[in-house]
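Subject: Structure handover

Hello,

Here is the structure you asked about, followed by notes on what turned up in it. Please read the notes with the structure open.

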Amino acid sequence: MSGCLFCQIAQGQRPAHNIFEGEGTVAFLDILPCTPGHTLVIPRHHYATLSEMPAEEVGKLFQAAAMVAERVQAAMGAAGFNMGINNGKEAGQEVFHAHIHIIPRYQGDGGGSMKSVARMSGKEDLEQLATKIRQAFTSS
Ligand code: AMP
Ligand code: ZN
């Protein structure tokens, strides 16, 4: 999609620090890294969010991300990594071309876990919530 930053990177029309190029995926270093080695993995094809991607494409993207994450961790000598997606504006998405963040983690890096991205206690009990969510599997 013309005008999309990550489409331009995927097509080699904008410089980026690419670290992996697969058939349908590209990985490159985040320009404002949370930690050294912070990497983004994107589908070559334009999808604004993960929710727009066909299941098969999601599978390929995660497969590439898992492989890239292991290589990044090894290369950086990191102690672990967080892998995550800001899916939608409220979740913090700023670039609307689907992407997975891989953030290498280091001892004493001052960061938290994925559970620190939000904190809001629900009113419904867990079984009520489970019932509500289960219905989404039958209605779609
Ligand atoms: P998100 O908030 O999930 O949409 O994250 C978008 C990410 O893209 C941010 O971490 C940015 O630092 C990163 N970013 C934006 N522009 C570029 C670029 N030209 N090259 C590499 N990373 C970028
Ligand atoms: Zn795009």
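Glutamine 8 is found in helix H1. This is a predicted model, and the values below are computed from it. Is glutamine 8 buried or exposed? Its relative accessibility is 18%, so glutamine 8 counts as buried, the cut-off being under 20%. The side chain of glutamine 8 makes a polar contact of 2.9 Å with the side chain of arginine 14. Not counting residues up to four places away in sequence, glutamine 8 touches Gly3, Gln13 and Arg14.

Which residues hold the zinc ion (ligand 2)? The protein donors are Cys4 and Cys7, each through SG, and His46 and His97, each through ND1. These donors lie 2.0 to 2.3 Å from the zinc ion. The angles among the four donor atoms are 107 to 116°, and the site is tetrahedral. Written as a sequence pattern, the donor residues are spaced C-x2-C-x38-H-x50-H. Cysteine 7 belongs to helix H1 (residues 5-10), while histidine 46 sits in the loop between strand S3 (39-43) and helix H2 (55-76), so this pair ties together parts that are 39 residues apart in sequence. Cysteine 7 and histidine 46 are both buried.

Now the chain as a whole. The protein chain has three helices and five strands, and from the N terminus on these elements run α-β-β-β-α-β-β-α. Along its principal axes, the C-alpha trace spans about 50 × 40 × 25 Å. Of the 140 residues in the chain, 34% count as buried. Among contacts between residues at least 6 apart in sequence, 51% join residues at least 24 apart.

In soluble globular proteins, nonpolar side chains tend to be buried together. The largest nonpolar core here has 14 residues, and the members that touch the most others are Val41, Met53, Leu61, Ala65, Val68 and Ile102. The elements giving two or more residues to this core are H2 and strand S5 (100-105). H2 provides the largest share, seven residues. Apart from this core lies another, of nine residues, among them Phe6, Ile9, Phe28 and Leu40.

What does valine 41 contact beyond its neighbours within four places in sequence? The list is Val26, Ala27, Leu61, Ala64, Ala65, Val68, Ala98, His99, Ile100 and Ile102.

Isoleucine 19 and valine 41 are 22 residues apart in sequence, and their C-alpha atoms are 9.7 Å apart in space. Isoleucine 19 lies in strand S1 (residues 18-21). With a relative accessibility of 43%, isoleucine 19 counts as partly exposed. Leaving aside neighbours within four places in sequence, isoleucine 19 is in contact with Ala27, Phe28, Leu29, Thr39, Val68 and Val72.

Last, helix H3. This helix covers residues 126-139, 14 residues in total. From its first C-alpha to its last, H3 reaches 20 Å, close to the 20 Å expected at 1.5 Å a residue. At the start of H3, a side-chain oxygen of aspartate 125 comes to within 3.0 Å of the backbone nitrogen of glutamate 127.

Regards

Notes:
Residues are numbered from 1 along each chain as its sequence is written. Chains are lettered from A and ligands numbered from 1 in the order in which they are written. This is a predicted model: local features need pLDDT of at least 70, side-chain atom pairs count only at pLDDT 80 or more; totals for chains, interfaces and linings use all residues. Side-chain values use heavy atoms; hydrogens and water are left out. Donors are N, O and S atoms within 2.8 Å of the metal (3.2 Å for Na, K and Ca); water is not among the atoms, so sites may look incomplete. Four donors count as tetrahedral if all angles lie between 85 and 135 degrees; four count as square planar and six as octahedral if opposite donors are over 155 degrees apart and all others between 65 and 115; anything else is irregular. Helices (H or I, at least four residues) and strands (E, at least two) are DSSP runs, numbered from the N terminus. Buried means under 20% relative accessible area, exposed over 50%, partly exposed in between (1.4 Å probe, protein chains only). The expected span of a helix is 1.5 Å times one less than its number of residues. A polar contact is a pair of N or O atoms within 3.5 Å; within protein, one must be able to donate a hydrogen and the other to accept it, and residues adjacent in sequence count only if both atoms are side-chain atoms. A nonpolar core is a set of buried Ala, Val, Leu, Ile, Met, Phe, Trp, Tyr and Cys residues joined through side-chain atoms within 4.5 Å. Contact means heavy atoms within 4.5 Å.
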